[in-house]
Amino acid sequence: MAKTLDGKKVNVDLIIRELKHNGRYNIVQLIILSLNMLSQPANILSILFIGMKPDFQCRAYDNSTILPIEIQELMSSSSNNNATWLEYSQCSVNVMSSNGPTNSTILSLPCTNGYIYERPKSNSFISEWDLVCGKRAFGALSQTILVIGMTVGAFVIPYFADRCGRRPIIIFCQAAIWVCSFAVVFIPSLVPFLVLRFFIGCFEQGYSIPTATLALEIFPTERRAFISMIRGVNWSLSCLVLGMSGYLMRSYNWRYFALLVSFTATVFIIDFLFLKESLRWLFVNNRLDRAKEIIRHATKMNKIEFDPIWHKHVEIAGEECVRCDILNDKTTTIPLMSSNNDKDSELDKSSSINSLFTIEPPPITIENTTEYNVTPEEPLSSKDNPSSLTLFTDPALRSIMLIQIYCWAINSMSYYGIYLAVTSLSGNKYFNFLVTAACELVTMSSVWKAFMWFGRKKALIGYLLIGSLSQFAAIFINLYIDKNSKYIFLEIVASTLGMFGVSGAFSAIWGYLPELIPTNYRNSAVGFSSCAARVGSAVSPFTLLVVSIIPWVPPAVFSGGLFLAGVLVLLLPETRGRQMPQCIDDVRAWSCKKKSEDQ
């Protein structure tokens with residue numbers, strides 16, 4: 001029987017372990033991906049520094065300016081007994097008149113002479129383009145446009161990362177980010193600024209989702225919890241660097257800070273030179289020549305031999321798969337993951353044909369055909385060129401996606417809702433930003449140990465419940481504790497615990513979802529979920545308006561939503577100790593095993 005190589009039958013985890021996953025190759029790749037993550041908070045949160053709202057008031061009229069006709073007429077008609085003068089507020093010029101002991105406003109006009117700012121006008125694009133008073137909505141619009149761009153990017157671009165590979169999409173989007181963010185430095189007005197903000201948001205999702213996915217795919221099962229923690233730590237460290245940079249450059253032109261932000265995207269040059277494609281993606285798409293080249297490069301960097309690895313894990317494991325029907329017509333397969341007890345071993349025997357060879361298979365020889373009925377593998381179908389819609393049409397994937405989409409949406413809404421409440425506290429804005437980032441750093445560091453001790457599912461549920469219970473406590477704090485009470489500090493405690501829970505859940509979701517989805521659908525799944533998160537983050541600013549009317553409503557929504565998310569996560573399979581699924585059949589096998597265990 002002719003033997004062919006099928007990359008889908010290759011256990012990539014075994015190859016990565018043989019390559020020394022803690023060797024120079026993987027460490028270099030992880031450092032490059034961490035540099036890519038640096039530009040993510042820089043582009044999303046830079047608006048806090050380049051668009052800082054300044055203190056201002058109407059510019060006073062002087063000898064070089066002409067008073068409006070309405071003011072001239074009032075000033076000329078005033079009598080000695082009825083003095084008239086001008087008062088300048090933030091958004092209006094008021095003509096004041098004294099009639100005995102009382103003063104009254106007889107006319108109010110907008111600031112026709114412009115504005116005067118407490119700090120240099122070039123410190124913020126808000127002050128440079130006078131986006132205050134009647135135009136203040138345009139300042140907030142810039143961030144809304146960014147979120148819209150992120151939603152579009154998360155919906156569209158990850159599909160191409162699944163079709164064309166992770167590496168080319170990361171490089172293209174980072175290069176596009178650099179072009180757009182560098183162009184921001186030179187734009188003269190608001191409209192092109194908003195256009196560039198849209199594309200920055202679009203391409204930001206285009207590289208951040210494949211970057212997170214690739215970081216998980218280059219490491220074996222036992223290291224994925226650590227990589228999930230690294231992603232969260234990278235975000236927090238980047239926020240700290242961003243906050244310190246904003247503080248140090250607070251007296252400079254905002255365009256200089258925008259120029260600094262653009263430099264973070266120049267990592268695309270390093271990507272082009274040194275970043276390698278995901279071996280998992282290459283094998284599942286049968287790009288064996290490129291996979292062989294990368295493995296050869298990795299063995300050279302890690303100073304190990306290439307031939308034994310390729311022969312043992314590719315040439316043998318990737319040979320044409322056969323089903324051996326033994327005399328009693330029972331199909332013998334090799335499970336996706338080995339088990340130490342008989343129950344798990346029996347359940348694992350139901351694993352799909354695509355999850356074979358997790359352990360080294362026994363050799364199959366021609367003599368076996370006289371004793372077993374040998375049936376060739378079924379022809380490949382359209383699943384080799386899958387559509388993103390399969391995530392919602394296939395029952396096994398649909399349930400996972402619907403739960404994850406809800407979790408991402410409620411978690412994002414709660415995260416930014418609590419974040420706005422915490423950072424809006426009185427005090428120095430730079431200090432508040434740095435403190436919040438430092439708290440997140442502690443939270444992200446805990447995700448690794450939580451994954452190791454409790455598994456993905458239990459850890460995520462734990463973080464969601466912490467967030468839910470803290471917001472449930474916030475309801476009673478808002479109802480029964482007066483703002484001037486000495487116990488009002490409990491509100492800060494509840495908000496801090498809420499931030500701990502939702503930020504930990506956010507990091508856990510980023511690490512958990514890719515482990516549930518097959519390779520050729522992984523980026524699209526994260527993209528759809530990220531779209532839901534963008535919707536949640538777009539809704540969160542309105543919670544501040546609700547707080548001013550009914551203070552306990554937002555905490556109640558957050559608490560109930562997070563609790564429901566924790567209940568829904570119970571329906572998902574645990575991924576600790578499992579290799580990432582290569583195909584849909586692997587996910588179906590997990591579902592069958594979970595149902596059998598429940599019974």
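A: E128 and R255 join their side chains in a salt bridge, with 2.7 Å from N to O; the term requires a side-chain nitrogen of Lys or Arg within 4 Å of a carboxyl oxygen of Asp or Glu. This pair connects distant parts of the chain, since E128 belongs to helix α5 (residues 125-128) and R255 to helix α10 (residues 254-263), 127 residues apart. Helices here are DSSP runs of H or I with at least four residues, strands are runs of E with at least two, and both are numbered from the N terminus. E128 is partly exposed at 25% relative accessibility, whereas R255 is buried at 16%; buried means under 20% relative accessible area, exposed over 50%, and partly exposed in between, with a 1.4 Å probe and protein chains only.

The model is predicted: local features need pLDDT of at least 70, side-chain atom pairs count only at pLDDT 80 or more, and totals for chains, interfaces and linings use all residues. Residues are numbered from 1 along each chain as its sequence is written, and side-chain values use heavy atoms, with hydrogens and water left out.

The count of salt bridges comes to 11. Another of them joins R166 and E217, again with 2.7 Å from N to O. R166 lies in helix α7 (residues 166-184) and E217 in helix α8 (residues 190-217), 51 residues apart. R166 and E217 are both buried. E217 also forms a salt bridge with R522, where the closest N and O atoms are 2.5 Å apart. That pair spans 305 residues, from E217 in helix α8 to R522 in helix α20 (residues 522-539), and R522 is buried as well. Together with D162, the residues R166, E217 and R522 are linked in a network of salt bridges.

F125, W129, F193 and W254 form one aromatic cluster. Rings of Phe, Tyr and Trp (its six-membered ring) pair if their centres lie within 6.5 Å, and planes under 30 degrees apart count as stacked, over 60 as edge-to-face and the rest as tilted. By this rule there are 29 aromatic pairs. One of them is the edge-to-face pair of F56 and Y115, with 5.8 Å centre to centre and 85° between the planes. F56 is in strand β1 (residues 56-58) and Y115 in strand β5 (residues 115-117), so this pair ties together parts that are 59 residues apart in sequence. F56 is buried at 14% relative accessible area, and Y115 is buried at 14%.

F125 and F193, with I517, have the most contacts inside the largest nonpolar core, which has 106 residues. A nonpolar core is a set of buried Ala, Val, Leu, Ile, Met, Phe, Trp, Tyr and Cys residues joined through side-chain atoms within 4.5 Å. Helix α17 (residues 395-423) supplies the largest share of this core, 12 residues. The core draws at least three residues from each of domain 1 (7-44 + 135-317) and domain 2 (389-598), with bounds from an automatic or database domain assignment. Apart from this core lies another, of 20 residues, including V12, I15, W281 and M301.
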